[in-house]
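Take a walk through this structure, one site at a time. Start with the metal sites, then turn to the strands and the chain as a whole.

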Amino acid sequence: MDINVACTHEHSLLSFSIMEVETCGLCGENISKSAYNCRSCDVWLHKSCASKLLNLPLEISHPLHQQPHHQLELTLLDGLVVFICDKCFYMCSESRYYSCSSSSCNFNLDLACALSVNDDPPHVQGWTKKRTLIQHYSHIHKLKFFKYTKLKKYEYACNWCEKPLSDVCYGCRKCDFYLHDSCKDKIPRTIYDHPFHPYNSHPLRLHHNSATKTYYCNACRADISSASGSSLGLAYWCQICDFRLDFNCAKFSPTLKHECHDHLLTYFPPYIQTTDRLESSPCKVCHNHLWRADSYRCVQCDVNFHLRCMSIPSSAKHRYHMHPLGFKGVFKEDDSGEYYCDACEEERDPKHPIYYCEECKFIAHIECLLNHE
Ligand SMILES: [Zn+2]
Ligand SMILES: [Zn+2]
Ligand SMILES: [Zn+2]
Ligand SMILES: [Zn+2]
Ligand SMILES: [Zn+2]
Ligand SMILES: [Zn+2]
Ligand SMILES: [Zn+2]
Ligand SMILES: [Zn+2]
């Protein structure tokens, strides 16, 4: 029988549980259970033959993972997968790596770390002080220590400061929850004076909602009971008045003084205007719902306005800038991850619209222009 000579395998191999008996492209024997398949060359391979072909052992035992019977298996994937290497502690994006066969371990090594002869445990490289797994009050699972350099395709952000990850971080890959090492101690467990909460003296305590009941965020009206939502079920809760703010809305505050309402208004970006918000009050001007639209809201009065319905001027003048500034919408001038308002010199959220002078690259908060009028 003509054995199809296997390609040298720069192509990716897919792992399959096969239904029919196939012939291995390397040894010519039958394959009956799981196998690797190269779609480009139409070649089937035993897992052991694929590992021979790639010159990578199918299984290894590694000094950093010495539980009895916990072999590390070669994993070959069709696409890239993101994992944290338990030797170098870098977040990696690879299609070939070694992973502990016991799934409860979640122990992974990139190829270089798995096969290198230098098997110094990580504390030799100065990581003694860092515990590699921590239980942090902001997350239900343990967070893993890792180092981060921007991965080719992906850019991950810190769930607290929302800036791109950098240097030393902690995270849960399962939930895509990450914190800068420098942010992990900044998250308040209790907030006393949040402007959205009518009774400032009551404590708002950080709390994981149980998934058995439905809860809504008092600020954005989103359902925050599910751990799969953007706040992962994490919210600040006042037990006395049963007032809840999801983790993300707790970072918002009212900023804009506008003639359409007596109180300061808070900007809510379109990405949180989910279907849940159909339940909240419609826009006070046009009476349509807020779904996926920029809006301003007075949380305490439950009054909403579409940004487009508020007669925000298309250009406005700031006393410290000679040219009129144009309304620009959401804008990032570079990839630095740090964005400032040139009028008040405070930081600005790049997900919020701004005013902009094209000629001088002068950027200002909406409220920094309109509150002064
Ligand atoms: Zn293991
Ligand atoms: Zn951060
Ligand atoms: Zn998690
Ligand atoms: Zn909310
Ligand atoms: Zn309260
Ligand atoms: Zn409207
Ligand atoms: Zn109000
Ligand atoms: Zn400003």
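In sequence, the donor residues of the zinc ion (ligand 5) follow the spacing H-x4-H-x35-C-x2-C. Donors here are N, O and S atoms within 2.8 Å of the metal (3.2 Å for Na, K and Ca); water is not among the atoms, so sites may look incomplete. This is a predicted model: local features need pLDDT of at least 70, side-chain atom pairs count only at pLDDT 80 or more, and totals for chains, interfaces and linings use all residues. Residues are numbered from 1 along each chain as its sequence is written, chains are lettered from A and ligands numbered from 1 in the order in which they are written, and side-chain values use heavy atoms, with hydrogens and water left out.

Which atoms hold the zinc ion (ligand 5)? They are His-197 (NE2), His-202 (ND1), Cys-238 (SG) and Cys-241 (SG), at 2.0 to 2.3 Å. The four donor atoms subtend angles of 101 to 130°, so the arrangement is tetrahedral. His-197 is buried, at 2% relative accessibility. His-202 is buried too, with a relative accessible area of 15%. Buried means under 20% relative accessible area (1.4 Å probe, protein chains only).

Now move to the zinc ion (ligand 4). Its donors are Cys-217 (SG), Cys-220 (SG), Asp-246 (OD) and Cys-249 (SG), at 1.9 to 2.3 Å. Angles of 101 to 119° make this arrangement tetrahedral. The sequence spacing is C-x2-C-x25-D-x2-C. Cys-220 sits in the loop between strand 15 (204-208) and strand 16 (234-238), and Cys-249 in the loop between strand 17 (243-246) and strand 18 (266-268), so the pair ties together parts 29 residues apart in sequence. Cys-220 is buried, at 2% relative accessible area. Cys-249 is buried at 1%.

Next, the strands. Strands are DSSP runs of E, at least two residues, and helices are runs of H or I, at least four, numbered from the N terminus. Four strands form an open antiparallel sheet in the order 10-11-12-13. Strand 10 (133-134) and strand 13 (177-180) are at the edges, each with a single partner strand, so one side of each has no neighbour in the sheet. Strand 12 (residues 167-172) pairs with strand 13 over four bridges; pairing takes at least two bridges found by DSSP. Cys-172 has Phe-177 in strand 13 as its bridge partner.

Finally, the whole chain. It has three helices and 24 strands. Of its 373 residues, 45% count as buried.

Definitions and conventions. Tetrahedral: all angles 85-135°; square planar, octahedral: opposite > 155°, others 65-115°. Buried < 20%, exposed > 50% of the residue type's maximum accessible area, 1.4 Å probe, protein only.
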